[in-house]
Amino acid sequence: MAEEHGSSPPAEPASSGAPRIAATPPGLAAPGTAGAPFVAVLPVADLPPGAMIRVSHGDLDLLLANVPAGLLATDDRCPHMAAPLSVGRLDGCVVDCPLHNGRFDLCSGETVQMPTTGGLDADGAPHLPWSPPGAEPKPEPPGRKAEARRLTRVRRLRHYPIRVVDGIVEVAFPRP
Ligand code: FES
């Protein structure tokens, strides 16, 4: 099985029946996963409702989550600056990133709240750095760091194929 790290939420009663699998948003299947073989990663009992966990396979870190829409697998890399989302907080389908407070919908792959640093959204539209409501945006000193923040694009999260076989969660990792 793949290496796993993470924590579970407070214990909840186990649900009965086969676990649901969240739908992959159109166009957001992770590259290289079409037809890729599935790999056993962990017992489904280790991923109760509301839990998310990091699973590492080679140099790939994935986030497995059990959200109201079902089980899903996406990159354990914030789509902003690559912080591990597995240390964030999960609320329904939305996870927050502790680094710049970006919030991301795991089910749709979309950004719910842009990071405080601002930058480009998935469609390339610019967003200013966060400022308190009613306040003028804080001017940034010009320089390469400010330019890097301004041009950092927050992409949509990709999904990896996931299934449950005989109580074991399996994920299709991209072919090398
Ligand atoms: S790295 Fe996650 S919001 Fe910036």
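1. P176 has 6 other C-beta atoms within 10 Å, so P176 is exposed. This residue lies in the segment after strand 14. In sequence P176 is 144 residues from G32, yet their C-alpha atoms are 8.4 Å apart in space.

2. The average pLDDT of the protein chain is 91, and 91% of the residues score at least 70. Residues 7–15 have a pLDDT below 50; this stretch still has nine contacts in the model beyond near neighbours in sequence. Where pLDDT is low, the predicted coordinates should not be read in detail.

3. The overall make-up of the protein chain is one helix and 14 strands. Its radius of gyration is 17 Å, close to the 16 Å given by the globule rule for 176 residues, so the chain is as compact as a globular protein of that length. Along the principal axes, the C-alpha trace spans about 55 × 35 × 25 Å. Of the 176 residues, 29% are buried. Among contacts with a separation of 6 or more, 60% are between residues 24 or more positions apart.

4. Strands of a sheet pair through backbone hydrogen bonds, either parallel or antiparallel.

5. The two pairings of strand 14 can be taken in turn. With strand 2, strand 14 pairs in the antiparallel sense over five bridges. With strand 13 (residues 162–165), strand 14 (residues 168–172) is joined by four bridges, and these two strands also run antiparallel. V169 in strand 14 has L42 standing opposite, and V164 likewise stands opposite V169.

6. The phi of D166 is positive, about 50°, although D166 is not a glycine. Most residues other than glycine have a negative phi. D166 has 8 C-beta neighbours inside 10 Å and therefore counts as exposed.

7. A second residue with a positive phi is worth a look. A82, which is not a glycine, has a phi near 75°. A82 is placed in the loop between strand 5 and strand 6 (89–91). Is A82 buried, exposed or partly exposed? With 13 other C-beta atoms within 10 Å, A82 is partly exposed, because its count falls between the limits of 12 or fewer for exposed and 20 or more for buried.

8. The largest nonpolar core has 30 residues, and L64, L72, L106, V169 and V171 have the most contacts inside it. Strand 3 (52–57), strand 4 (60–67), strand 5 (70–75) and strand 14 each supply at least two residues of this core. Strand 4 gives the most, with five residues.

9. V169 belongs both to the sheet described above, as a residue of strand 14, and to the core residues with the most contacts. Leaving aside neighbours within four places in sequence, V169 is in contact with V41, L42, V44, L47, L64, L71, I162 and V164. Among these contacts are L42 and V164, and each of the two stands opposite V169 in its pairing.

10. F104 is a buried residue in another part of the chain. F104 is found in strand 8 (residues 103–105). It has 26 other C-beta atoms within 10 Å and is therefore buried. Beyond neighbours within four places in sequence, F104 is in contact with P79, V94, V95, T111, V112 and L157. G124 is 20 residues from F104 along the chain, and their C-alpha atoms are separated by 17 Å.

Conventions. Residues are numbered from 1 along each chain as its sequence is written. This is a predicted model: local features need pLDDT of at least 70, side-chain atom pairs count only at pLDDT 80 or more; totals for chains, interfaces and linings use all residues. Two residues are in contact if their C-beta atoms, placed from the backbone, lie within 7 Å. Two strands pair if DSSP finds at least two bridges between them. A nonpolar core is a set of buried Ala, Val, Leu, Ile, Met, Phe, Trp, Tyr and Cys residues joined through C-beta atoms within 7 Å. The radius of gyration is taken over C-alpha atoms; the globule rule is 2.2 Å times the number of residues to the power 0.38. pLDDT is the predictor's confidence in each residue, from 0 to 100.
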